Amino acid sequence: MTVTRGPKPKAVQVADALRSDIKKMKPGEKLPSQRELIDRFGYASQTIQNGLATLRAEGLIVSAGNLGNFVSDGSAPKDDVRDDIREIHSQLQALSERLEALENRCEPGGA
């Protein structure tokens, strides 16, 4: 019996394509912006972020916050969790803002 797999998840497709691009780049070179990647792939922002997170976890790129993502020179430890903590903090902040907005829409005294 032959088992066939469906298409790769979109975030994996993003990571694969960027991995191929990175092979042609030099350490320190800047990757395209998130907006440029959204335009290139036609995927949602979160999908692009997930693909970039995969590359960060592999140690292929480093994030410089609002400055963007850069090809790693290989010197950053792969198990450095600072980027993960920043990402979790960012997601918690977004969830907190969404929860506050939902609470503000509710009538006083419950639903």
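A residue counts as buried here when its relative accessible area is under 20%, as exposed when over 50%, and as partly exposed in between (1.4 Å probe, protein chains only). By that rule, buried residues make up 20% of the 111 residues in the chain. The model is predicted: local features need pLDDT of at least 70, side-chain atom pairs count only at pLDDT 80 or more, and totals for chains, interfaces and linings use all residues. Residues are numbered from 1 along each chain as its sequence is written, and side-chain values use heavy atoms, with hydrogens and water left out.

Start with the overall layout. The chain has four helices and two strands. Helices (H or I, at least four residues) and strands (E, at least two) are DSSP runs, numbered from the N terminus. Read from the N terminus on, the elements run α-α-α-β-β-α. Contact means heavy atoms within 4.5 Å. Among contacts between residues at least 6 apart in sequence, 53% join residues at least 24 apart.

Now take α1 (10-23). This helix has 14 residues and reaches 20 Å from its first C-alpha to its last. That is close to the 20 Å expected at 1.5 Å a residue, where the expected span is 1.5 Å times one less than the number of residues. The buried residues of α1 are Ala-11, Val-14, Ala-15, Leu-18 and Ile-22. They cover an arc of only 95 degrees around the axis, so they sit on the same side of α1. The arc is that of the directions from the helix axis to the C-beta atoms. An α-helix has 3.6 residues a turn, so residues three or four places apart point the same way. The buried residues of α1 pack against α2, α3, β1 (61-63) and β2 (69-71).

Helix α2 covers residues 34-41. Leu-37, Ile-38 and Phe-41 are buried in this helix. Their arc is only 105 degrees around the axis, which puts them on the same side of α2. Which exposed residues does the face of α2 turned away from its buried side carry? That face has Arg-35 and Asp-39. The buried residues of α2 pack against α1 and α3. Just after α2, Gly-42 takes a positive phi of about 75 degrees.

Gln-34 also belongs to α2. Gln-34 is partly exposed, because its relative accessible area is 28%. Setting aside residues up to four places away in sequence, Gln-34 touches Ser-45, Ile-48 and Gln-49. Asn-69 lies 35 residues from Gln-34 along the chain, yet their C-alpha atoms are separated by 9.0 Å.

How do α2 and α3 pack, and at what angle? The angle is about 110 degrees, with the axes 10 Å apart. Helix α2 is therefore roughly perpendicular to α3. Axes are lines fitted to C-alpha atoms, for helices over the stretch in contact, and angles run from 0 to 180 degrees between N-to-C directions. Angles under 35 degrees count as roughly parallel, over 145 as roughly antiparallel, 65 to 115 as roughly perpendicular and the rest as oblique. On the α2 side, the contact is made by Gln-34, Leu-37, Ile-38 and Phe-41. They meet Ser-45, Ile-48, Gln-49 and Leu-52 in α3. These contact residues divide into five nonpolar, three polar and no charged. Ala, Val, Leu, Ile, Met, Phe, Trp, Tyr, Cys and Pro count as nonpolar, Asp, Glu, Lys and Arg as charged, and the others, Gly among them, as polar.

Helix α3 itself spans residues 45-57. With 13 residues, α3 reaches 18 Å from its first C-alpha to its last, close to the 18 Å expected at 1.5 Å a residue. Its buried residues are Thr-47, Ile-48, Gly-51, Leu-52, Leu-55 and Arg-56.

Two of these deserve a look. Thr-47 counts as buried because its relative accessibility is 18%. Beyond its neighbours within four places in sequence, Thr-47 is in contact with Lys-10 and Ala-11. Is Arg-56 buried or exposed? Arg-56 is buried, because its relative accessible area is 19%. Not counting residues up to four places away in sequence, Arg-56 touches Gln-49, Ile-61, Ser-63, Asn-69, Asp-83 and Glu-87.

Ala-57, also in α3, is exposed, since its relative accessible area is 54%. Ala-57 and Asp-83 are 26 residues apart in sequence and 9.1 Å apart in space, C-alpha to C-alpha. Just after α3, Gly-59 takes a positive phi of about 80 degrees.
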